[in-house]
Amino acid sequence: MNRTNPSIIRTSGDADVAFAVVVLASYFTTFSSLQSTSATKIVVMITLGTAYLAIGIYGYARCAQSKSLSLGLLYFGLQIPLGGLIVYLGKGAGFNALLLLPLAGHAVVLLPRRIGYLAQVAIILDYVLTVYAYSLSISIVWEGLPIFTAGLVFVVVFTQMALNEEASRREVERLVNELTEANQHLREFALQAEDLATAKERNRLAREIHDGLGHYLTTIYMHIQA
């Protein structure tokens, strides 16, 4: 997890689609696994999910553009509790804690390294507290924690690899641009050197013609005088 990178990954559209797919898939599995629930609870969950999705798309884009640490912290301060509340209302049905995992990738992109570590820990704690809140069972928490942690680590590593690849690509582009500019300068210097060489040769020929012709005319003049 790097510090806030001035070259954000150029995959905002793809990231938004991935985030939406994860949230919608989590909701689909949640509603498919729920045995019985009230209409009010469903409306509340859909409302919270819409807010979570909107903040995850537009809020993330805003934080990525501004590169503001305080705005990034505000983003996670909203999203982590909101995601935990959704998981709590869903009672973990269909492993709906899956919707917390995209936040791990967002933390890699938006936050400095050390604060990013704290964000990952906060996401795991959010999962633990939420699962314990609706199950009141440590064993259930421990059953899902390894899977959730493995998924979080995978998201973090994959996002970091994408960041490194993006940074490498940008570095290659920079070097190519510098090489192109250097080649252009070399071509300009070569043209200048060629022009200077041509001018020098012309001056040499002019001097030789002038000196030779002057000497020849002087000799003729002396003969005429004689």
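1. Surface patch. In this predicted model, a nonpolar patch on the surface is formed by Tyr132, Leu136, Ile138 and Trp142. Together these residues have about 480 Å² of accessible area. One of them, Leu136, sits in the loop between helix 5 (113–135) and helix 6 (138–225). Leu136 counts as exposed because its relative accessibility is 64%, and the cut-off for exposed is over 50%.

2. Val156 belongs to helix 6. Is Val156 buried or exposed? Its relative accessibility is 13%, so Val156 counts as buried; the limit for buried is under 20%. The C-alpha atom of Val156 is 6.0 Å from that of Ala104, although the two residues are 52 apart along the chain.

3. Helix 4. Ala104 is also one of the buried residues of helix 4. This helix is mostly covered, with 10 of its 10 residues buried. Among them are Leu101, Pro102, Gly105, His106 and Leu110.

4. Nonpolar core. The largest nonpolar core has 41 residues, and Tyr52 and Leu100 touch the most other members. Two or more residues come from each of helix 1 (12–33), helix 2 (39–66), helix 3 (69–90), helix 4 (101–110), helix 5 and helix 6. Helix 2 gives the most, with eight residues. In soluble globular proteins, nonpolar side chains tend to be buried together.

5. Surroundings of Tyr52. Which residues does Tyr52 touch, not counting those up to four places away in sequence? They are Phe19, Val23, Gln79, Leu82, Gly83, Ile86, Leu99, Leu100 and Leu103. Leu103 is also among the buried residues of helix 4.

6. Overall make-up. The chain has six helices and zero strands, and its elements run α-α-α-α-α-α from the N terminus on. Of its 226 residues, 33% are buried. The accessible surface of the chain comes to about 14000 Å², and 68% of this belongs to carbon and sulfur atoms. Among contacts between residues at least 6 apart in sequence, 76% join residues at least 24 apart.

7. Confidence. The average pLDDT of the chain is 82, and 85% of the residues score at least 70. Over residues 1–8, pLDDT stays under 50. The model has 31 contacts beyond four places in sequence for residues 1–8. Where pLDDT is low, the predicted coordinates should not be read in detail.

Terms used
Residues numbered from 1 in each chain as written. Predicted model: local features only at pLDDT ≥ 70, side-chain atom pairs only at ≥ 80, totals over all residues. Heavy atoms only, no water. Patch = residues over 30% accessible without salt bridge, like charges linked within 9 Å, V, L, I, M, F, W, Y side chains within 5 Å. Areas by Shrake-Rupley, 256 points an atom, 1.4 Å probe, with all protein chains shown as cover. Salt bridge = Lys/Arg side-chain N within 4 Å of Asp/Glu carboxyl O. Helix = DSSP H or I, 4+ residues; strand = E, 2+ residues; numbered from the N terminus. Buried < 20%, exposed > 50% of the residue type's maximum accessible area, 1.4 Å probe, protein only. Core = buried A, V, L, I, M, F, W, Y, C linked by side-chain atoms within 4.5 Å. Contact = heavy atoms within 4.5 Å. pLDDT = per-residue confidence, 0-100.
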